[in-house]
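Let's walk through this model together, one contact at a time. Keep the structure open beside you as you read.

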Amino acid sequence: MSGMRSGHRLGHLRGDLRGHRLGRRFGWLWGAYGTSALGTWLAFGAFPLIAIRVLHAGPAEVAALSSVGSAVGAAAAVPLGPWVEFRRKRPVLIAMDLVRFAALLTIPTAFALGVLTFLQLLLVSVVVAAADITFRAASGAYLKTLLPAEDLLVANARFESTAWTTTIIGPPLGGAAIGLLGPVATVVADAVSYLLSALGIRATGGHEPRPERREAARMRAGDLLDGWRYILADATLRPLFFNTTLFNGLVMAAQPLLAVLMLGRLGFTPWQYGLAFAAPSIGGLLGSRLARPLVTRYGQHQVLVVAGTLRALWPIGLAFLGPGTGGLLLVIGVELGLIFSCGVFNPVYTTYRLERTATDQVTRTLTAWAVTTKASTALLTAVWGVLGSLLGPRTAIGLAGVLLLATPLLLSRRAAAHLPESEPAPNRT
């Protein structure tokens with residue numbers, strides 16, 4: 001038996017070294033993801049910068065840009081989960097890319113005409129947020145039909161690695177583009193990246209069977225809650241759901257205040273702000289590469305608990321941020337530790353969630369997960385915007401860091417007893 005396991009691991013190792021192992025269709029999907037991720041990071045912080053420098057918005061308005069857009073976008077995405085569940089996922093992915101492309105293009109158009117307003121930024125953020133949630137939910141379901149279960153961690157690690165690679169490249173290039181051309185130029189690049197992503201997903205080709213409908217084809221109001229019911233009924237998904245939702249919400253709630261603090265009061269330039277988040281992304285690249293070896297050696301649950309705990313320890317350091325080179329190095333150091341821990345945690349958590357979710361529940365479950373994350377992030381961002389105005393950005397950032405220290409308590413201390421029934425391996429050609 002040990003010889004068989006060693007041979008199996010050796011086969012996986014050889015497969016990891018061959019770029020074509022997961023098939024041509026995954027290759028196109030991976031390329032599409034990388035293209036849109038690069039566009040997103042080129043435009044990193046573009047909306048807050050436009051709000052601050054073009055529309056002269058304050059801390060509360062910058063926080064509202066993230067919170068209101070995410071909240072309304074999440075609400076709009078709720079009915080889309082059940083609707084998408086029983087439709088082919090590839091056309092949905094293409095449609096969501098095109099929606100984001102069209103919505104983002106309205107920003108440079110309005111800017112060129114001199115009619116850009118804060119309200120338009122809010123509306124675009126709503127549309128993009130709703131399309132983003134739907135895309136992520138559909139992509140998870142599509143990936144599960146594209147690859148067998150044993151390849152999901154490899155695929156998710158590659159997505160994570162690509163995400164951090166584009167994070168390293170994108171913000172410095174985006175910062176330079178903002179310095180030369182202004183923040184609106186990076187929004188154009190982001191929009192074009194979604195168009196290219198749509199073309200890449202279309203090129204995946206292959207036959208995708210239409211999911212079977214239930215006997216009651218018409219969607220009922222109760223169907224909107226199916227995703228939450230599924231999550232809360234699972235004893236191992238439930239604590240992970242609460243942990244990731246609160247962690248992501250608190251981390252993101254501090255970001256607008258950090259932008260205000262760095263770009264405003266502390267006088268950092270856009271390229272320094274971009275560098276502070278791009279350089280530490282090397283940690284995410286390394287973490288994502290280590291995720292699968294760590295799971296092989298220590299087990300999926302142990303890696304989730306340890307990495308999930310480590311990632312909560314770093315953000316409180318941002319409360320001590322000061323001006324100049326020392327302050328910049330502090331941000332880079334804190335982000336390096338945080339991002340490395342997230343780089344290990346994210347692909348393992350994403351794979352675990354897919355494995356725990358039955359195929360006919362994936363879209364609704366991922367939609368519910370994303371909607372809750374977006375809504376809680378929006379709520380916490382709004383609250384922290386008020387706290388930033390009352391207490392100052394630094395104190396509010398420190399408070400978020402203190403609360404993050406408690407998030408590991410929400411992680412389950414016991415491994416899952418069983419997984420949903422396995423299904424036939426998908427065709428990867």
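R100 is buried, with a relative accessible area of 3%; buried here means under 20% relative accessible area, exposed means over 50%, and partly exposed lies in between (1.4 Å probe, protein chains only). Before going further, please note that this is a predicted model, in which local features need pLDDT of at least 70 and side-chain atom pairs count only at pLDDT 80 or more, while totals for chains, interfaces and linings use all residues. Residues are numbered from 1 along each chain as its sequence is written, and side-chain values use heavy atoms, with hydrogens and water left out.

What does the side chain of R100 meet in a salt bridge? The partner is D132, at 3.2 Å from N to O; a salt bridge is a side-chain nitrogen of Lys or Arg within 4 Å of a carboxyl oxygen of Asp or Glu. D132 counts as buried too, because its relative accessibility is 13%. The two residues are 32 apart in the chain, with R100 in helix α6 (residues 89-113) and D132 in helix α7 (residues 118-146). Helices are DSSP runs of H or I with at least four residues, strands are runs of E with at least two, and both are numbered from the N terminus.

The whole count comes to six salt bridges. Another of them joins R356 and D234, whose closest N and O atoms are 2.6 Å apart. R356 lies in helix α15 and D234 in the loop between α10 and α11 (237-265), so this pair ties together parts that are 122 residues apart in sequence. R356 is buried at 7% relative accessible area, and D234 counts as buried at 11%. D226 counts as buried at 14% relative accessibility, whereas R229, at 47%, is partly exposed.

Now for the rings. A search of the whole structure finds seven aromatic pairs, where rings of Phe, Tyr and Trp (its six-membered ring) pair if their centres lie within 6.5 Å, and planes under 30 degrees apart count as stacked, over 60 as edge-to-face and the rest as tilted. F26 and F159 form a tilted pair, 5.4 Å centre to centre with 55 degrees between the planes. This pair spans 133 residues, from F26 in helix α2 (residues 24-42) to F159 in helix α8 (residues 152-181). Both F26 and F159 are buried. Elsewhere, ring pairs link F241, F242, F345, Y349 and W369 into a cluster. The charged end of R353 sits over the ring of W369, 4.9 Å from its centre.

Finally, the annotation. An unreviewed UniProt entry lists several stretches as "transmembrane region", including residues 240-264 and 393-411; positions follow the numbering used here, feature names are shortened, and annotations may be inferred rather than shown by experiment. Residues 240-264 are 100% helix and 0% strand, with end C-alpha atoms 36 Å apart. For residues 393-411 the figures are 63% helix, 0% strand and 29 Å.

Conventions: A charge sits over a ring if NZ of Lys or CZ of Arg is within 6 Å of the ring centre and within 35 degrees of the ring normal.
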